[in-house]
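Below is a short briefing on ring contacts and on one helix. The sequence and structure come first.

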Amino acid sequence: MIYIKLFLDYLDAIEPLGDAERGRLFTALLQYARTGEAPQLGGNERFLFPMMRAQIDRDEAAAEGLSESRSAAGKKGAQAKASKARQNRQMPDLPGKASYDKDKDEEKGKEKDKDKGEDRDDGGEAAAAVTACLDKVNPQLSERSRDELAGFARVMGAEVCLRAIDAALDAKKANWPYIKAILQAKQAQGVRCLADWDALEERRQKPGERRRAGTGNPFLAMLEEQK
């Protein structure tokens with residue numbers, strides 16, 4: 001079954017678009033979900049399509065990965081049980097076996113920690129961002145929203161998330177969907193740290209370019225930047 005997910009924070013993202021642009025955008029998303037081919041877009045909707053297309057790709061990869069992992073885990077688990085049963089029948093416990101097994105488990109734990117090392121730290125960035133959002137925006141932030149914010153913090157850093165929160169407060173739209181939309185837009189523009197964001201702002205404020213500070217809508221700024 002072919003499907004796509006639409007998120008409520010898309011409402012903020014498509015706010016600057018006209019009706020025709022919105023229609024072309026969602027038609028393009030449906031076509032991409034069905035064929036896997038990105039259509040040619042000529043209006044402002046072309047700036048938002050990559051962000052939404054990336055979400056479709058992530059959802060599809062997650063669904064496929066879950067199905068494959070369940071199948072592999074079931075097969076691997078059955079094989080492991082059979083192998084362990086054979087070993088128990090054939091080999092007596094040797095002195096030091098318990099210690100050896102413990103060391104082996106610790107090594108596996110270290111490998112898992114190493115894999116997680118692709119994130120910025122052991123949770124400090126995520127904790128800082130979540131704490132700020134709880135203090136400044138919504139102390140009743142849902143668990144899902146906290147996890148999403150933590151994910152952005154681990155990829156782009158807590159400072160980027162804090163600036164997004166401040167931008168939402170300045171725009172009088174202090175809610176998680178709006179903050180998430182800002183972070184998604186910056187991620188689509190290639191922002192991976194606060195320095196990247198500053199560089200974008202510097203290019204936007206160069207002489208001869210129109211200043212859009214104070215619009216309160218990061219998507220309007222993004223659309224104007226790329227015209």
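Tyr 32 is buried, at a relative accessible area of 12%; buried means under 20%, exposed over 50% and partly exposed in between, with a 1.4 Å probe and protein chains only. This is a predicted model, where local features need pLDDT of at least 70, side-chain atom pairs need pLDDT 80 or more, and totals for chains, interfaces and linings use all residues. Residues are numbered from 1 along each chain as its sequence is written, and side-chain values use heavy atoms, without hydrogens and water.

**Aromatic contacts**
- There are two aromatic pairs (rings of Phe, Tyr and Trp, the last by its six-membered ring, with centres within 6.5 Å; planes under 30 degrees apart are stacked, over 60 edge-to-face, the rest tilted).
- One of them joins Tyr 32 and Phe 49 edge-to-face, at 6.1 Å between centres and 85° between planes.
- Tyr 32 belongs to helix H2 (residues 19–35) and Phe 49 to helix H3 (residues 45–90), so the pair links parts 17 residues apart in sequence.
- Phe 49 is also buried, with 4% relative accessibility.

**Helix H7**
- Helices are DSSP runs (H or I, at least four residues), numbered from the N terminus.
- The buried residues of H7 are Ala 158, Val 160, Cys 161, Ala 164, Ile 165 and Ala 168.
- These residues lie on the same side of H7, because they cover an arc of only 160° around the axis (taken from the directions from the helix axis to the C-beta atoms).
- Glu 159 and Asp 170, on the other side of H7, are exposed.
- After H7 comes Lys 172, with a positive phi near 60°.

Conventions
Helices (H or I, at least four residues) and strands (E, at least two) are DSSP runs, numbered from the N terminus.
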